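Dear colleague,

Please find below the structure that I am handing over to you. I would be grateful if you could read the notes that come after it with the model open.

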2 protein chains.
Amino acid sequence: MKFARIAVTGVDGEEARLVVVQPEAQRVIDLATAWRLRLERRGATREAARRLAAALFPASMSAAIALGETFREAAAEASAAPAEEAVHPLESVRWLPPLDPPTIRDFTAFEQHVRNMAARQGGSVFPEFYQRPPYFKINPLTIVAPEAEVPWPHYTHHLDYELEIGLVIGRQGRNVSPEEARSLLFGVTILNDFSARDVQGPEMSSGFGPAKGKDFATALGPWIATCDELDLDDLTMVARVNGEEWSRGSSASLTWKVEELVAYAACGETLWPGELLGSGTVGTGSGAEHGRSLQPGAVVELEIGGLGVLRNRIGQPEPPGWLPQPRRSSATY
Amino acid sequence: MKFARIAVTGVDGEEARLVVVQPEAQRVIDLATAWRLRLERRGATREAARRLAAALFPASMSAAIALGETFREAAAEASAAPAEEAVHPLESVRWLPPLDPPTIRDFTAFEQHVRNMAARQGGSVFPEFYQRPPYFKINPLTIVAPEAEVPWPHYTHHLDYELEIGLVIGRQGRNVSPEEARSLLFGVTILNDFSARDVQGPEMSSGFGPAKGKDFATALGPWIATCDELDLDDLTMVARVNGEEWSRGSSASLTWKVEELVAYAACGETLWPGELLGSGTVGTGSGAEHGRSLQPGAVVELEIGGLGVLRNRIGQPEPPGWLPQPRRSSATY
C-alpha cells in the first residue's frame, strides 16, 4: 500500500487527512471518511463513527503507524471498495508531508557520494566511513511538503539538493540484528536533504556536524510505500533540475545496507514508530558533486521507482537577518 | 513558577500529570486536579470538568506551553489556593522528565569547557567556536527522568556526565534578534548530556558530529523554572559524583549568551513552544576535563541555583550487542 497525507479545508482551517494513494487509478482514498461510512453502514451514528474513524486514522501518520497491525489492516479494508465520498482525484490533492517523524537520522551510506564530495576538495573518503555508518540528525519541524516552496535562508549563498531514500520505522525496537531490523521497517519514501553548502562545510570541520547547513528544510514524499511493494536493494534514483537530469543512481550501490542502518540506529536507543532514517545521498545525487548549485526559482524533482516524484521549487532568498558577532579568544582562566 | 511532571497510576497504567512545584512548602500541586475541582465548584459536572482540565493541563508539557498565556495564567490560578486533593508531598512524587521536547539542540557555549577538552589532547579551541555557537541535536526520545537509572550502552567503556543549562522555548519565532529572543524563552531547567567519550571522539572527527556518543540518554529536571524567577546570567552550577564535588561554574562565564543561542537557533528555522536548547557544558562541568570517568552504580547530582538537584544513578552495562562490521574501501567507480 501507498500512504500519504493531504490538506483539506475544515471548519477551523486546514486539516491533515490520511489517504491511501492509488496512482494507477489516479486517485487517493480518505481513510477516515471511508472508515466512517463503513461504520455508519454497520449501524453507528454519524458522530460515533467520526470519533472512532478519527482515532484510527488521525492527522498524524506517526500516530497511525503506532497502532501497528490494526492500522494497516483497517487501511486495507477501508480502501478496498471505498464509497465515492471518500475518493479524491489525484490531480486535485494538496499534498502534505506524508510523515510527521519525531526524529530524522540522516546517514551517509553511499561511498560514491562521499568519495565525489571529498574529491572536489582534493581529498579522499574519511576513514570513519568504513567503521560504522555515520549520521547526524535533522530538524523534524522543518519538513517541506511535495510541491511546496523551499525557503532560502538569509545566511547562505549556496543551496543544493540531496537525493535520498527515507526509511520509516514501523515498530518499537532496541539492540536488534540486521536480520531482525527488516521487521522494524514500515515503508520507504523519497527524501530531499536540502543543504546550504557554504555553511555545512565549516560546521562539519568544527566536529559538531551539520546544523544550519541542513536544518532549514527537508522535503519528503509524495507517499510512503510499504516494504512489500518494492525491492529495497534495487531502487532506481533520479534527480532533475529544471527538467534536466543531474543525478542517477541505485540503492544497489549502498555501502551500508538498509538493515544495517536500522540496526545501527537501534544500538543503545529504542526506535519508535514513525521515526525516519535517511539513506544519505546516492552517488552523483547532489549538485555539489558536479560543481553546480541551485538558483532561486529552480524546480528540483527527485524520482525513485515506485515512490513517485518529489517536486519542489526553490524560493527567493530571505531578507538579511541577525547573525552572531564573532568572539575573540579569551585565555583568562 | 516552577513546573514539572509526575507519574501517577491510573486505570490503564502509569500516566503523566503536570504539577506546579513549591519546594519551600515541600509540595507539588496537580494542575488538572486543582482545575477540575475549581470548575466543579463553579457548577461543572465531574465529567465536563475533567475534559476541560485535561485539555488545559495535558500530559505533555510541550502541548501545555503551546497554549501560551492561557496556560501560565490558569496554572497560577490553579495553584494559588489548591484543594487538598490536588496536593502531593514533595518527598512522595515519582518524577517524570519535566519536558517532552520535539527537538533538543545542544550548544557548546562555554569557552572554558572547549579549552579544557582540547587541552587534554594537546590542542586548543577550534576556530569555528568563535564564529558562531556550535550545536548538534540530541535524540529527544531518550530523555531520562530525575532519579531514573541511566542505561549504559553496550558499545561504550567510557561514560561521562555534562553539566548544562536547559532552555525551554515558550513561543513561536523565526529570524529574531537577541533582544527579541528573550521573549521566546519560557523557562530553564538542568540538563545532563550523558556522553560515551570513546564513541564521541571518532564521531566528531568524522565531521558528522556526536550521535551514538550522546543519543542514548539525556537527563532533564527536576523542574522548569520560569525566567522571571532567576538571573540567567548568574546561575551557580555544581556537579557531584557519589557526593564528591567534581564541577563548579557559573552561567556568567557563557561566551555565547542565552539570547544569542535562542536567536541563532531561530536563524532560518521557526522555533516552536517546547523546543529545548542546551547551553553546553560549563567549564569543569564534566569528568573528562579532570581525567575521570563514571563507573556503573555511580550517582551523579547536578545542582543549579533555583533549579533543584538532578540526580541519576548509572546503570550496569548492557549485554554485548550487534555492531557494524567495518567495510573496505572500494574504488571501482
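The notes below cover the interface of the two chains, an annotated span and two individual residues.

Please bear in mind throughout that this is a predicted model.

I begin with the interface. In chain A, 68 residues are in contact with chain B, which contributes 68 residues in turn. The two chains bury about 5,800 Å² between them, and carbon and sulfur atoms give 60% of that area. On the side of chain A, the residues that lose the most area to chain B are Phe208(A), Trp322(A) and Arg327(A); together they account for 15% of what that side buries.

Polar and charged pairs also link the chains. Between chain A and chain B there are eight salt bridges. Lys212(A) and Glu269(B) form a salt bridge, with their closest N and O atoms 2.7 Å apart. Polar contacts across the interface of chain A and chain B come to 27 residue pairs, both residues being at pLDDT 80 or more. As for where the touching side of chain A comes from, the elements that give two or more residues to it are α5 (111–120), β7 (135–138), α7 (197–205) and α8 (258–265). Sorted by class, that side of chain A holds 34 nonpolar, 18 polar and 16 charged residues.

One span of chain A carries an annotation. An unreviewed UniProt entry lists residues 104–314 of chain A as "domain: Fumarylacetoacetase-like C-terminal". Within this span, 15% is helix and 34% is strand, and its end C-alpha atoms lie 22 Å apart.

Two residues of chain A deserve a separate note. Thr142(A) sits in the loop between β7 and β8 (143–144). Is Thr142(A) buried or exposed? Thr142(A) counts as buried because its relative accessibility is 9%, and the cut-off for buried is under 20%. Leaving out residues up to four places away in sequence, Thr142(A) touches Asp215(A), Phe216(A), Ala217(A) and Thr218(A), as well as Glu269(B) of the other chain. Glu269(B) is also the partner of Lys212(A) in the salt bridge described above.

The second residue, Ser60(A), lies in the loop between α2 (46–56) and α3 (61–65). Ser60(A) is likewise buried, with a relative accessible area of 19%. Apart from neighbours within four places in sequence, Ser60(A) is in contact with Arg5(A), Leu18(A) and Asp100(A). Val20(A) is 40 residues from Ser60(A) in sequence, and their C-alpha atoms are 14 Å apart in space.

With kind regards

How values were computed:
Residues numbered from 1 in each chain as written. Chains lettered and ligands numbered in written order. Predicted model: local features only at pLDDT ≥ 70, side-chain atom pairs only at ≥ 80, totals over all residues. Heavy atoms only, no water. Helix = DSSP H or I, 4+ residues; strand = E, 2+ residues; numbered from the N terminus. Buried < 20%, exposed > 50% of the residue type's maximum accessible area, 1.4 Å probe, protein only. Contact = heavy atoms within 4.5 Å. Buried area = accessible area lost by both parts, 1.4 Å probe. Salt bridge = Lys/Arg side-chain N within 4 Å of Asp/Glu carboxyl O. Polar contact = N/O pair within 3.5 Å; in protein donor to acceptor, adjacent residues only side chain to side chain. Nonpolar A, V, L, I, M, F, W, Y, C, P; charged D, E, K, R; others polar. UniProt positions renumbered as here; feature names shortened; annotations may be inferred.
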